Amino acid sequence: MTTALSQHAEKGFFGRLIERWPAKLAVTIIAVMWTIPTLGLLISSFRTRDEIRGSGWWTAIPHLFDKAQWTISNYSTVLGQSGFGNAFLNSLAVTIPAVVIPITIAAFAAYAFAWMQFPGRHVLFALVVGLMVVPLQMALIPILRIYTNFDLVGTFPAVWLAHTGFGLPLAVYLLRNYIGSLPSSIIESAKIDGADDFTIFWRLIVPLSVPVLASFAIFQFLWVWNDFLVALVFLGLDPKTQVLTVALANLAGNRGEAEHLLPAAAFISMVLPMVVFFSLQRYFVRGLTAGSVKG
Amino acid sequence: MVTPTLMEPEPPSSRPPDTERRAPAPLLYLIRLLASLLVPVFTVVVLVVSFNYLRDQNANRLLQVAVAIVVGVAGVWALYWGMDRFVSVLPERLRAGIRPFVFAGPAAVILTVYLVYPAVNTVIISFMSRNSKEFVGLQNYIDVFTTHDTLVSIRNSILWVVVVPVIVVAIGLGFATLADKLGSRSEAVSKSLIFLPMAVSFVGASVVWGFVYSYRPQGYGNQIGILNALVSALGGSPINWLSVQPWNTAFLMVILIWTQVGFAMVILSSAIKSVPSDILEAARIDGATELQLFWRVVFPSVSSTVIVVWTTVVITVWKLFDIVYVMTGGRDGTSVIAERMVTEFFKNFNFGAGAALAVILFIAVIPVLVINIRRFQAEEAIR
């Protein structure tokens, strides 16, 4: 260790630069390649209709500070006329309950799986692990039929409950692994002090589990907000109830007409997940590394 | 679960002898069932009723959401609490047997209704005719494996599964290794840039790449897609990327790779960072080159993480639907199983064929399911 450190110091600034530059170059090239498509779209979204249709976004870069070529009219058109303002509210209306409800139900179940004895506990939990990878395509047709019978197609509760069902295996799995790893001594001492399971759960377990609750919440938020299939099947194309992904796919479908609106529309759908993602990245990464596969 | 004794929910002293704990079986099961059913039924009924009420009132969406949250959290909590109180007044010998069902029952019921029952039902539907009126045996499966369109989608799905996860893992691992050698600030920035597409929906990613692949026939104005602009600048004639078979499938794969590499990179990066640095230093002192270091030391110690990432991406790829649906609608020989399935039941209203494709998808992920459960059991054994 010490020899390596002194070797490192001997090389000095330029030595390290030479040692690092191949890695640096490769990383830079990949990072630029990964960023260009989004960057191009961002630039396009602020250009006028004729410019978007007439020339590539890169032609705008030489006169980056020429105010005359930038406009926010695409955004106002998309939010108003194209109904993306409405779709944004719908996405919020679908996403928030579809995150909150499964967390609540999963937390109780996770506590039971981790700290209570009951017949079938291990079999049931193994089933949860298995259900994590079951493609939700397996559930679409029968649930659509049930919803049709109860006249639930096209309503928000239909989507909330579907996302609750589809998100539950991962939620129970993540929460149970975390809650099960809490030290048993705190739970036992609480029991000796006369606390019952319910008190232990909401006074001890829930406050201690905030990190894992947060990481699942971000996970489920991104999943539901970005979901297209469930929203398409259970909410459909009605402009009153359609969510952002469905509206965006629709707009992309009639490309010729709305090509100049697509960049702005795409960014409207991307802005909230990006904000959530970057402000809460730490929790998200923790959830990812905890091992998460979802069906 | 260190030792079984630590797991006992009740302190041993307060526990009655085993013989007394047994409650009359039918009553016990009835209460257990009720305890499990109450929360889901209540949630569904209240959500739907309040939603319908609000819909009649033409109330705005945010009010509906507020109601959903109040019901979803406060209501469900109150119900759990109420059931817990109810269990507390039961005779002591019943309590320990019922309380776990108050906690875990609702989740089990919802999983049954939304995943287990539909999965079984889908298998049954796959043996029925297109409108599920009569039993047709294996006919849907025979159709799937003899119709050109579905065969193409199966071939494509297999191609996707073979190609995409390997490339995602390779780029993710390579990038994580290289970024690890940079200073901490440039590492964080470059990782964030790679990670960013993970926050983008597949539909959004399709729009992003739709512009990259944009195509104008020669003579119909400037190329606004960067790829065709490059091709034109190099003197070639523009290419309609999304209709050139079989390469159009490869261009669609690029989109998925773009969104998934960040995921692979983050997980592999944390695995690489947990390789003990003294082992690396020892190998360096022994004169190992960086390449040898990677293949002989780093790669073997992250190989189990590589498998986890690979299986996760495999699942994502099997279920891939959005990108193909939005970019090409499955035209020009690009369809995949999950996209074909939605087309069958949502556009062609052929429920039998749709269900058969879903079952094929399920069979395809069974190996991963088995791996997951095995790994889970191994983890449990060492807990």
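Trainee: What would helix H13 of chain B span if it were straight, and what does it span here?
Mentor: A straight helix of 29 residues would span 42 Å at 1.5 Å a residue, but H13(B), residues 290-318, spans only 36 Å between its end C-alpha atoms. The expected span is 1.5 Å times one less than the number of residues. Helices here are DSSP runs of H or I with at least four residues, strands are runs of E with at least two, and both are numbered from the N terminus.

Trainee: Where does H13(B) bend?
Mentor: At Ser303(B), by about 55°. The bend at a residue is the angle between axes fitted to the seven residues ending there and the seven starting there.

Trainee: Before I go on, what sort of model is it?
Mentor: A predicted model, in which local features need pLDDT of at least 70, side-chain atom pairs count only at pLDDT 80 or more, and totals for chains, interfaces and linings use all residues. Residues are numbered from 1 along each chain as its sequence is written, while chains are lettered from A and ligands numbered from 1 in the order in which they are written.

Trainee: OK. How far does H14 of chain A reach?
Mentor: H14(A), residues 262-279, has 18 residues and reaches 26 Å from its first C-alpha to its last, close to the 26 Å expected. H14(A) still bends by about 35° at Met270(A), with Pro273(A) following within four residues.

Trainee: Which of its residues are buried?
Mentor: Among them are Leu262(A), Phe267(A), Met270(A), Pro273(A) and Phe277(A). Buried means that 20 or more other C-beta atoms lie within 10 Å of the residue's own; exposed means 12 or fewer, partly exposed is in between, and the C-beta atoms are placed from the backbone.

Trainee: And why is H12(A) called largely enclosed?
Mentor: Because 9 of the 10 residues of H12(A), 244-253, are buried. They include Leu244(A), Val246(A), Asn250(A) and Leu251(A).

Trainee: How much of chain A is buried overall?
Mentor: 51% of its 295 residues. The secondary structure of chain A is 15 helices and 0 strands.

Trainee: How many residues are in the largest nonpolar core?
Mentor: 202, and those with the most contacts inside it include Ala109(A), Val172(A) and Leu361(B). H4(A) supplies the largest share of this core, 21 residues. A nonpolar core is a set of buried Ala, Val, Leu, Ile, Met, Phe, Trp, Tyr and Cys residues joined through C-beta atoms within 7 Å.

Trainee: What does Ala109(A) touch?
Mentor: Leaving out residues up to four places away in sequence, Ala109(A) touches Val172(A), Phe103(B), Ala104(B) and Ala107(B).

Trainee: Ala338(B) next: buried or exposed?
Mentor: Buried, because it has 25 C-beta neighbours inside 10 Å. Ala338(B) sits in H15(B), residues 337-347, and its contacts include Gln137(A), Phe321(B) and Leu361(B).

Trainee: And Gln218(B), buried or exposed?
Mentor: Exposed, because it has 10 C-beta neighbours inside 10 Å. Gln218(B) is in the loop between H9(B), 202-212, and H10(B), 226-233. It touches Ser237(B) and Pro238(B), not counting residues up to four places away in sequence. Gln218(B) and Ser237(B) are 19 residues apart in sequence and 6.9 Å apart in space, C-alpha to C-alpha.

Trainee: Last topic. How is chain A divided into domains?
Mentor: Into domain 1 (2-71) and domain 2 (77-289), with bounds from an automatic or database domain assignment. Their contact takes 7 residues from domain 1 and 6 residues from domain 2 of chain A. The centres of these two domains are 34 Å apart, taken over C-alpha atoms.

Note on methods
Two residues are in contact if their C-beta atoms, placed from the backbone, lie within 7 Å.
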